[in-house]
Amino acid sequence: MVQILAGIAGENAIPMLDQGVALAGVFGLGMCFALLGSISVKLMPRLQIDQGKFGTLVSIFMFSCLVASLIMGVLVDTVGFRIVGVGGFLATAACIFLLARGKNFGAAAVACLLLGFGAMALNTIGNGLLGTVLFGGDNKGAAFNIGNVFFGLGLFIAPFLISFLLRKTTFEKALTILAAIPLVLTIIPALAPLAYKGGKFEPVVAGGLVLQPATIVAALLLFCYIALESSFCNWLVPFGKEIISEEKPDMAPDAVDASAQRMLSVFAIAMMAGRLLNGLVLVAIPAISSNSQYIITGGGLVSALVILLMMKSKKSSMAWVAAGLAGFVFAPVFPTTLGLSEPKYNPTYWGTNFGLIFAIGLLGAVLIPKMMGNMAAKSADKSIRGSLKLLLPLCIVLAILAVVLAIAGVSGEAKFVPVAK
């Protein structure tokens with residue numbers, strides 16, 4: 001534990017706010033990714049929309065994230081982390097506030113569109129800094145895994161708070177309270193020393209990065225993973241509501257909703273535990289980092305089994321266990337992918353490269369949750385359970401791509417942009 005704390009603190013105590021910026025960034029991103037799923041069972045009747053329309057809102061948010069990821073990566077390499085960080089937290093707070101007051105589909109769509117820019121600003125400062133400010137930049141896999149425990153914390157906080165607030169107060173007030181969290185966090189990047197200013201953007205470098213085999217494979221891997229994660233973040237609560245309502249038809253509707261929302265919190269807690277465990281292993285045995293692609297492969301295969309379990313679930317107890325297992329096996333995939341990728345690029349251009357691979361990855365989140373919503377809306381029983389089968393091929397492809405990632409040049413240095421020595 002002392003080793004972990006020392007790695008997070010870095011060489012001295014004064015710039016610890018730099019670490020704070022990175023951790024706050026991924027925490028805020030977790031809140032953004034959990035937001036729509038957390039309020040889904042209240043938002044759909046409020047806006048008078050079905051699963052297909054809700055899937056459209058998710059796609060709007062994710063498409064906005066895709067575009068914003070490219071922009072924010074370039075901005076970090078142009079103006080640095082401070083401006084992007086402050087703007088990201090302010091934009092996120094404002095968008096949650098707007099979503100709280102939107103009373104029709106159009107207003108909610110605008111809020112989701114703008115939320116994507118706030119989320120990707122937080123993503124870029126968070127994951128853009130983690131590999132550099134934690135553990136002195138010497139253990140990327142551990143840095144991304146342990147740092148992204150805070151993503152899980154944000155993913156947990158949103159549904160956990162919402163599940164209580166919506167039983168005590170109005171929809172508008174509940175989301176306004178939630179919006180106060182990113183507003184307060186604005187203080188961290190505003191005051192941080194931010195010794196890491198970001199690099200510089202060069203179009204010719206960006207073009208070269210796109211052609212890197214490692215970039216292409218990492219982007220395709222993230223396409224599968226982000227599609228899986230976003231599908232769970234946005235559809236786990238409606239799935240839980242279906243199971244609980246069927247098993248306990250006499251349960252009060254608001255109690256059913258709150259219980260389903262907490263299922264997403266269980267997913268988030270399990271994700272935090274999985275990332276912390278994986279990070280601790282990589283700290284204790286750094287040599288594992290060179291073969292960490294097999295951790296991703298194992299996660300993909302087990303994820304397929306978990307989804308099959310969910311499709312067969314008829315008891316809420318089984319659904320709760322499946323939610324926890326999913327969070328645990330999903331946990332190491334994203335940070336381990338970044339840990340494999342980042343060391344191969346000159347840190348001057350990491351913001352641009354991260355924006356590229358994450359943007360391509362987000363395409364999965366644009367398409368798959370929407371397809372699940374459409375399938376559920378058109379099914380006879382309007383059930384999310386049946387649409388889970390769309391996720392099974394992604395699990396298998398993800399497992400294969402993890403091995404390909406090592407073969408595609410990640411085990412060696414990038415040729416276009418050499419690693420700074």
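Analyst: Happy to! Leaving out neighbours within four places in sequence, Ser-40 is in contact with Pro-45, Phe-54, Asn-234, Val-237 and Pro-238. Please keep in mind that this is a predicted model. Ser-40 itself belongs to helix H2 (residues 16-47).

User: How do you know that the length of helix H14 agrees with what its residues should span?

Analyst: H14 (residues 316-330) has 15 residues, which should span 21 Å at 1.5 Å a residue. Its end C-alpha atoms are 21 Å apart, so the two values agree. Among the buried residues of H14 are Ser-316, Gly-324 and Phe-330.

User: What makes H11 mostly covered?

Analyst: Of its 35 residues, 27 are buried. Helix H11 (residues 213-247) reaches 49 Å from first C-alpha to last, close to the expected 51 Å. There is also a bend of about 50 degrees at Trp-235, with a proline, Pro-238, following within four residues.

User: Which values describe how H3 and H5 meet?

Analyst: Two packed helices are described by the angle and the distance between their axes. For helix H3 (residues 51-79) and helix H5 (residues 105-133), the axes come within 7 Å and cross at roughly 35 degrees. The crossing of H3 past H5 is right-handed. By class, their contact has 18 nonpolar, six polar and one charged residues.

Conventions:
Residues numbered from 1 in each chain as written. Predicted model: local features only at pLDDT ≥ 70, side-chain atom pairs only at ≥ 80, totals over all residues. Heavy atoms only, no water. Axes fitted to C-alpha atoms, helices over the stretch in contact; angles between N-to-C directions. Helix = DSSP H or I, 4+ residues; strand = E, 2+ residues; numbered from the N terminus. Left-handed = near helix turned anticlockwise from the far one by under 90°. Nonpolar A, V, L, I, M, F, W, Y, C, P; charged D, E, K, R; others polar. Expected span 1.5 Å × (residues − 1). Bend = angle between axes of the 7 residues up to and from the residue. Buried < 20%, exposed > 50% of the residue type's maximum accessible area, 1.4 Å probe, protein only. Contact = heavy atoms within 4.5 Å.
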